[in-house]
Amino acid sequence: MSLKFAHLPGSTPQTAAASSNYPGPLKPLARWLSAGMFALSALGSAQAADEEGKAPASAPAAVSATPESKAKPPVQNSAMDATQFFQLFVAEYLFQRGDLNSAYQAYLESARQHKDGQLYQRAVEIGRAISPELGLTAAKAWRQALPQSRQASEYTADILLSMGRSADLAAPLRSVIQLTPTLQQPQLMLSLPRIMTRLQDRNAAAQVIDDATQPWRQPPLEMAEAWSASAEGWLQARDVNKSTAALNKALALRPNLMNAGLVAIGLMDLNPQAEAIVKQQLARPDAAPVVRLAYGRRLAGFQRLEEAAQQLELLLKEHPEQNGSWITLAAVRMELKQVDKAEAALKHVLDRIKKDDKAGTDTPANTAPDANEIDQAYLYMAQVAEQRNDLAQAQSWLERADPKNERVNIQIQRARLLARQNKVPEARKLIHDLPETEPRDAVVKYQAEAQVLRDAHQPEEAYKVLGEATKRFPDDSDLVYDQAMLAEKLQMFAEAESLLRKTMEMAPDNPNAFNALGYSLADRGVRLDEARQLIKKALELRPADPFIVDSMGWVEFRAGNLSEAVRLLTSAYQTRPDAEIAAHLGEVLWAQGQKDEARKVWQDASKREPDNDTLKETLKRFQGKL
């Protein structure tokens, strides 16, 4: 059943055997019928024997008492009476013949007559194969006849979820919680937000969670987990006030509740003040490691890379066995262009791979890298080698990660290495020849080919590739956005704006298109008020993102607000010392008369990213003055 309360032993009903909609024979029922058929067969044989004046062949006395027969368990005849057996025999016969409506009616009538949970379950499954409404009718009858059956409430809730009937969902969900062992109730409530993602209306889903958990959000049953589930539900509905209020209730009851810490991290997207809650929990000695890991990853997502690295270092100091965290730290260090530190982080994983490979040496199970971690370590080592311009070594690491040359993401990195050696046709052919086992593979191939062409300074060709891609996948917002960026680079401003506005319609919660159009307008010094509003919208969707803050600083510079521009650009650069941000900050500092400071910013950035196009163009414009 699709509610999937997998953590509750015995709580998941049997699924249909033939397909998701067509139920197969129910195994316990099949055994029941087999027992009845055995009894019927024995009876028939006895009658025939009486007529012929001899003992029936299948009578117990005729079974030889061999050692083998003694080892067999005794046959247990069904507890059904003849009438019940006949009803079930007919119902199953109708089902096997394909007469689902008659089978459904027969099973439901028998279930009502005998108040048997297995028969109700069979009726529900057959009813769902016909229509959700029939399945719901049987599930409601089951729940009414056997109100203490947790399965009955689970089936009812599952069908209501599949139908999107949120108004009727809280009561059966509350029953599921009530009928769950007390010690398992907290974990069940914490799972509700993930179960409710099946409802499209996020506000309705959050309200269902609140209604279902209402008894556990007030004394005497009040639980932090119920409040945390409420907070997560309202977070998914993007209701900051309700989510924050429920989160504070949860933390007041259990300050170290891991799920509450994760919800607070999720709230950081909508409410920067939620970060204080995260820090408060992480300051506790009993803080869950997974919360620190999630916080580090979220900081990396916000481009606050140095802070992300600090959190990961703290985590690994206490838990050095976490290979995935070492790899995440390496990824952050690579983003910061700190190649040596990235390699040092990867070395912890590589050393364990070597130990695991040695004959007669077993790495402890909790520290041995899994296959995915090994591949990731090799991939990042290839990037380390590439950053050092050791392309042969980079190729060697990629071959270790994919010796059969069949994995799309690794072969794309191989293509990039070929392009760096001015072998662009070979790189494109490698990408073209990659298999497409699923539709997304084709999208990835288009994006990879366009990136190879961009890196090779062939934006016109890249634009053509993405034009073909958007014709094949017109609803892919990422492809449309990439095409817009190339149109911008080719100074096709009207086309770029049209594509960016299309992206906003397709992905209204993605800040990239809003930021890109706002920056484009600001960089050309046109429609600055509109540019400011677009970037403000991007910041609402992703607060404190340094690249979006950089765009806002550039708007203020174009508008002549130099002090505000310096403040914003300095903040962005401190968060993410990126070469493009450095180019902007240096130019504003120069305009303010702080020429020495401008030179220092540009020089530092040039050491880290000498090939950045924006920085090179800026330095070229100021070369005579420098």
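Both Trp142 and Tyr155 are buried, where buried stands for under 20% relative accessible area, exposed for over 50% and partly exposed for the range in between, with a 1.4 Å probe and protein chains only. The model is a predicted one, in which local features need pLDDT of at least 70 and side-chain atom pairs count only at pLDDT 80 or more, while totals for chains, interfaces and linings use all residues. Residues are numbered from 1 along each chain as its sequence is written, and side-chain values rest on heavy atoms, with hydrogens and water left out.

A search of the whole structure finds nine aromatic pairs; rings of Phe, Tyr and Trp (its six-membered ring) pair if their centres lie within 6.5 Å, and planes under 30 degrees apart count as stacked, over 60 as edge-to-face and the rest as tilted. The rings of Trp142 and Tyr155 are tilted because their planes stand at 40 degrees, with the centres 5.4 Å apart. Trp142 belongs to helix 6 (residues 132–145) and Tyr155 to helix 7 (residues 150–163), so this pair ties together parts that are 13 residues apart in sequence; helices here are DSSP runs (H or I, at least four residues), numbered from the N terminus. Ring pairs also bring in Tyr120, giving a cluster of Tyr120, Trp142 and Tyr155.

Helix 7 itself is mostly covered, with eleven of its 14 residues buried, among them Arg150, Glu154, Asp158 and Leu161. The end C-alpha atoms of helix 7 are 20 Å apart, which agrees with the 20 Å that its 14 residues should span at 1.5 Å a residue, the expected span being 1.5 Å times one less than the number of residues.

A further aromatic pair is formed by Trp602 and Phe622, also tilted, at 5.2 Å centre to centre and 50 degrees between the planes. Trp602 lies in helix 32 (residues 595–608) and Phe622 in the segment after helix 33 (613–621), so the pair ties together parts that are 20 residues apart in sequence. Trp602 counts as buried at 2% relative accessibility, and Phe622 counts as buried at 7%.

Rings also face charges in this model, a charge being over a ring if NZ of Lys or CZ of Arg is within 6 Å of the ring centre and within 35 degrees of the ring normal. The charged end of Arg122 sits over the ring of Phe95, 4.4 Å from its centre, and Lys242 lies over the face of Trp234, at 4.3 Å from the ring centre.

The count of salt bridges comes to 42, each being a side-chain nitrogen of Lys or Arg within 4 Å of a carboxyl oxygen of Asp or Glu. Three of them are tabulated here.

| Salt bridge | N to O distance |
|---|---|
| Glu225 and Arg254 | 2.6 Å |
| Arg558 and Asp523 | 3.5 Å |
| Arg532 and Glu556 | 3.2 Å |

Glu225 lies in helix 11 (residues 224–236) and Arg254 in the loop between helix 12 (240–253) and helix 13 (258–267), so their pair ties together parts that are 29 residues apart in sequence. Glu225 is buried, with a relative accessible area of 9%, whereas Arg254 counts as partly exposed at 35%. Salt bridges that share partners join Arg428, Glu449, Glu461 and Lys464 into one network.

Notes
Helices (H or I, at least four residues) and strands (E, at least two) are DSSP runs, numbered from the N terminus.
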